[in-house]
Each structure stands twice: as C-alpha cells, then as structure tokens.
Amino acid sequence: MAFEFKQVEVKGVDGRLRLAIRELIIPESGVTVIVGPSGAGKSTLLRLCNRLEVADDGLIRFDGRPIDDTPPLDLRRSVGMVFQEPVRFAGTVLDNLREADFLIGPAAAELLLDRVGLDGSFLTRLADELSGGEAQRMCIARALATGPAVLLMDEPTSSLDPSATRTIEDQALALAAAGMPILWVTHDTAQMNRIAAHVVCLIDGAVTYRGSPAGLLTAPDPRIAAFLAEQPS
Amino acid sequence: MNTADVTTLGLIASLLLVIVAIGMSATQRLGLEREIVWATVRSLIQLLFVGVVLAFIIDPQQPLVLSWAWVAAMIAFAGVVIQRRAPEIPGVLPLGMLAIGAAAIVTLAVIFGLGVFPLEGRTLVPLAGMMVGNSMNATVLAARRVVDEFRDNRPEVEARLALGQSSRQASRRYLQSALRTALTPQIETTKAVGLVFLPGAMTGLILAGVDPIEAVRVQAAIMYLILGSVATTATVMTLGIGRRLFTTDHRLIRLPRS
C-alpha cells in the first residue's frame with residue numbers, strides 16, 4: 001500500500017470535525033481517485049499525505065512507516081504534489097525545474113519534460129508565457145524532479161479547458177502505467193470514470209465508499225446517491 | 001545669539017492656529033472640534049510632563065543610568081504601541097521590543113562608541129527617542145507586509161514546501177520583498193531631505209539660533225541613525241515574523257487578515 005490511514009481526525013479552527021477516517025488504504029499502483037462534493041475534506045486528505053497539514057489524531061503510514069517518522073522535507077520529496085492552479089515560479093521552465101532540483105542539467109530536464117509530453121524547446125520558455133495546460137504539465141514535471149514514489153494531484157484540471165484536461169488525464173494514466181501511483185482528487189465523476197482504477201468517496205469528512213468506479217454508481221448509500229444526482233449529466 | 005524662544009504669551013498666540021483647525025472642522029461639519037480640543041490639551045499636558053521629567057533625568061547632576069532606564073521604558077512602550085497597531089500579527093509584542101532593542105544597541109553603539117555625540121543624558125534620551133519613534137512605523141509596516149506577502153502568495157509558498165524546500169528556502173524571496181517595501185519609505189525620505197522638507201531636529205536647532213551648517217551636521221548624523229535603526233528593526237521584525245509563520249515541521253500556518 002502507498003498510504004494507510006487509521007482513526008485519523010482533523011478538526012477545523014472552530015473545533016468542528018473536518019475529516020474523520022476510521023480506516024483507509026490507498027493502493028500503491030494505478031490512479032486512485034478521491035471523489036466527493038466540495039468541502040468534503042478531499043484536499044485535506046491529500047495535504048495530510050505530504051504533511052502540508054497534520055492530523056489532530058490517528059496514524060498515517062506511508063510505505064509502511066508512520067509519516068511522522070520521516071523528516072517532513074524528505075517525505076515531501078518522496079510524495080510529489082500538483083495543485084489545483086498551476087503554480088508558476090519566476091523565470092524559465094528550466095528555472096522552475098531547478099526549484100525542485102537545483103543541480104538538474106538540461107539533458108535530465110529534457111527527460112522530465114518528455115515524461116509529461118513537452119519537448120526540450122520548452123526549457124527556455126518563460127513559465128508565465130505557457131498556456132494553462134502547458135503550465136500544469138510543467139508543474140507535474142517539477143513534482144517529478146524530486147524523484148517521488150507517489151504523486152498527489154489536487155483537482156489538477158479544474159482551471160483547464162476540456163482539451164488540456166484530457167491531456168493531463170492521459171499524462172497521469174501514462175505515469176501510472178509506468179509504475180507511479182497517483183492520488184487524484186476531483187468532484188467530477190465523469191473524470192473519475194475516465195481515469196480511476198480505484199475510487200474513494202468522501203462525503204462530510206468521512207469515507208462513504210471505496211472500490212471500483214463502477215461500484216460507486218450503484219452504491220446503496222443515500223449520501224452517495226445525492227452526490228451523484230448533483231453531477232451534470 | 002539670535003534665538004527664537006517661545007514665550008508663554010507666544011505659546012498662547014500659537015493656539016490661534018488650533019482655533020483655525022476647529023473653525024475648519026466646524027465649517028465643514030466634520031464633528032472633530034471636541035477631538036481637536038482634546039488633542040491640543042492632551043499634547044500640552046504630555047509635553048509639559050515629559051519636559052519636567054526630562055529636565056530631571058538629563059540633568060548632568062543625575063546618574064546616566066536614569067537616562068538608560070528612560071530609553072528602556074521607551075522601547076517597552078514602543079512594543080505595546082506596535083502590538084496595539086498590529087494585534088493580528090502573532091508574537092508582535094516580544095518581536096517588536098526585540099527589533100527596537102536590537103536597533104538601539106546597534107545604532108547607539110555606533111553613535112556613542114565612535115564619539116559622534118558625547119554620551120550624556122541630554123544626547124542619549126532625545127537620540128534614542130528619535131530612533132524608537134521612527135523605527136516603530138517601519139516595524140509595523142514590515143510586520144504587516146510579511147503577513148500580506150505570505151497570504152497573497154500562499155499557493156506559491158506551499159508549492160515550494162511541497163517540493164521539499166525548507167521553510168527558510170521557501171520564504172526567502174517573500175521576506176526580501178516585504179523588507180524592500182518596509183525600507184523604501186525611509187530611503188525615499190533620506191533622499192528627499194533638505195529639498196522637500198526640513199527635518200525636525202535641524203529646524204529646531206536653526207530656530208534656537210545654531211549656525212545652519214552646524215545644524216546640518218547634527219541632522220545628517222540623526223538621519224543616518226534613523227536609517228540604520230529602521231533597517232535593523234525592519235530586518236529583525238521581518239525575519240522574526242517570517243519564522244513565526246511556519247511550524248517547526250515546515251508548514252505555513254493559517255494567516256490572519258490585517
């Protein structure tokens with residue numbers, strides 16, 4: 001397994017429970033999609049995995065070890081993360097990759113870009129001049145530059161057009177097929193159906209389903225039915 | 001020497017200008033008349049009080065330690081003022097005092113250690129007062145700027161942390177930007193001095209009949225004292241707040257709105 005959650009609780013500033021997971025295992029292969037309505041705690045769950053947030057209670061294991069046992073900076077280099085909006089640092093694409101690995105040379109950088117379907121000519125392009133889809137692919141390459149064992153993707157296509165969205169989805173599937181487990185957050189079940197090997201459904205901070213994408217659509221839980229009913233047809 | 005002593009009658013005459021201010025407020029219906037009267041009375045009482053206390057403290061017969069105690073009290077009071085002006089910043093009171101205390105050590109050590117001014121109560125208290133007063137604004141500005149920088153750039157900072165950068169690495173450019181913003185007004189003021197405005201100390205000396213060139217020498221030394229102290233307080237404050245905004249495990253804390 002990539003991640004294991006046991007009795008994990010996260011409270012908000014008001015003391016209200018934002019996330020309560022009794023037990024959850026994230027497999028170490030393929031794309032695992034965490035799906036659920038806005039405010040269900042999906043991003044919080046993801047941010048727990050690289051310790052951008054910490055749980056108030058419970059145990060999280062990564063690769064069999066409690067995540068607190070690994071120094072946070074080492075953990076974050078092993079658990080790459082791609083955010084909702086593509087985050088562009090100042091400078092060129094190569095400068096951006098060097099934020100992750102300041103020793104990286106052009107040849108290794110080109111290989112990274114190749115993994116996300118961008119060619120070497122992008123290395124000298126300014127990050128600010130990339131399209132949304134290209135910038136997000138640069139962000140994936142940047143996350144890969146630390147040599148992570150797993151990739152977290154927090155609604156990575158929410159600011160992209162349909163064509164760029166499909167490109168990012170295809171890149172994620174290709175990475176997963178090449179052995180990189182991916183944890184992908186979305187509220188869009190259509191996207192889930194396109195990419196998920198495994199599904200975790202989160203509603204009101206609790207896991208209401210885990211299994212195959214097809215199984216979610218026939219799950220008996222009324223909260224899931226209500227969530228599915230809100231999806232655009 | 002041709003001095004410009006203000007007699008009691010002269011002081012009373014200057015109150016005419018307060019009446020002008022009250023008149024402005026009344027004709028424009030600003031409702032600030034009482035406020036202006038209160039400010040005038042209060043300022044006079046405060047200044048008289050300080051004048052009496054200072055006359056005692058900086059009397060050459062008194063031990064210098066009294067003046068140092070006065071400086072320490074000013075630094076502590078500055079911390080309280082800073083906290084009142086920026087209560088939303090975590091740990092602003094101790095950091096404010098630390099920042100101004102550090103600036104006091106650096107600047108007073110240079111000013112008195114190198115003999116720019118003789119170390120006496122009558123030089124120590126006013127110079128420290130000017131240093132503290134000017135540093136307070138820069139401290140509040142720096143603290144606010146740091147929090148704003150990190151709030152506005154939260155996604156970028158977290159993206160850096162997510163790449164395994166330490167909080168120090170991830171915060172460097174935002175701290176630099178905050179510090180630059182905090183220091184710029186003082187640098188601009190230093191540039192404009194003499195051309196755009198005549199600063200208080202120099203004006204006071206000239207009014208007191210001191211030769212303008214002599215007044216300029218004093219003023220220049222004071223300007224550099226203020227520049228040095230503003231730079232020191234803003235730097236200590238920026239770095240201090242920058243550390244406070246991260247946990248020991250390199251997470252950016254939830255940031256308050258100013």
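Reader: What makes the four strands of chain A an open sheet, and in which order do they stand?

Author: They line up as β2-β1-β4-β5 in chain A, with antiparallel pairing. β2 and β5 (65-66) of chain A are at the edges and have a single partner strand each, so one side of each is left without a neighbour in the sheet. This is a predicted model, in which local features need pLDDT of at least 70 and side-chain atom pairs count only at pLDDT 80 or more, while totals for chains, interfaces and linings use all residues; side-chain values use heavy atoms, leaving out hydrogens and water. Residues are numbered from 1 along each chain as its sequence is written, and chains are lettered from A and ligands numbered from 1 in the order in which they are written.

Reader: What secondary structure does chain B have?

Author: Chain B has nine helices and zero strands. Helices are DSSP runs of H or I with at least four residues, strands are runs of E with at least two, and both are numbered from the N terminus.

Reader: Why is the pair B:F150 and B:Y174 called tilted?

Author: It belongs to the three aromatic pairs found over all chains. Rings of Phe, Tyr and Trp (its six-membered ring) pair if their centres lie within 6.5 Å, and planes under 30 degrees apart count as stacked, over 60 as edge-to-face and the rest as tilted. Here the centres are 5.9 Å apart and the planes are at 55°, so the pair is tilted. B:F150 lies in helix α5 (residues 121-152) of chain B and B:Y174 in helix α7 (residues 167-192) of chain B, so the pair ties together parts that are 24 residues apart in sequence.

Reader: Turning to the interface, how many residues of each chain take part in the contact?

Author: With contact defined as heavy atoms within 4.5 Å, chain B gives 16 residues and chain A gives 24 residues. Together they bury about 1700 Å², 56% of it on carbon and sulfur atoms; that is the accessible area (1.4 Å probe) lost on putting the two parts together, summed over both. B:A162, B:L163 and B:R251 supply 34% of the area that chain B buries against chain A, more than any other three residues.

Reader: What makes A:E99 and B:R160 a salt bridge?

Author: The rule asks for a side-chain nitrogen of Lys or Arg within 4 Å of a carboxyl oxygen of Asp or Glu. The closest N and O atoms of A:E99 and B:R160 are 2.6 Å apart, so the pair qualifies. Four salt bridges are found across this interface, and the largest share of the side of chain B that touches chain A, seven residues, comes from helix α6 (residues 154-162) of chain B. A:E99 itself is found in helix α3 (residues 93-100) of chain A.

Reader: Which salt bridge do B:R154 and B:E158 form, and how far apart are N and O?

Author: Their side chains meet at 3.4 Å, N to O. Being four residues apart in helix α6 of chain B, B:R154 and B:E158 are separated by about one helical turn.

Methods. Pairing = 2+ DSSP bridges.
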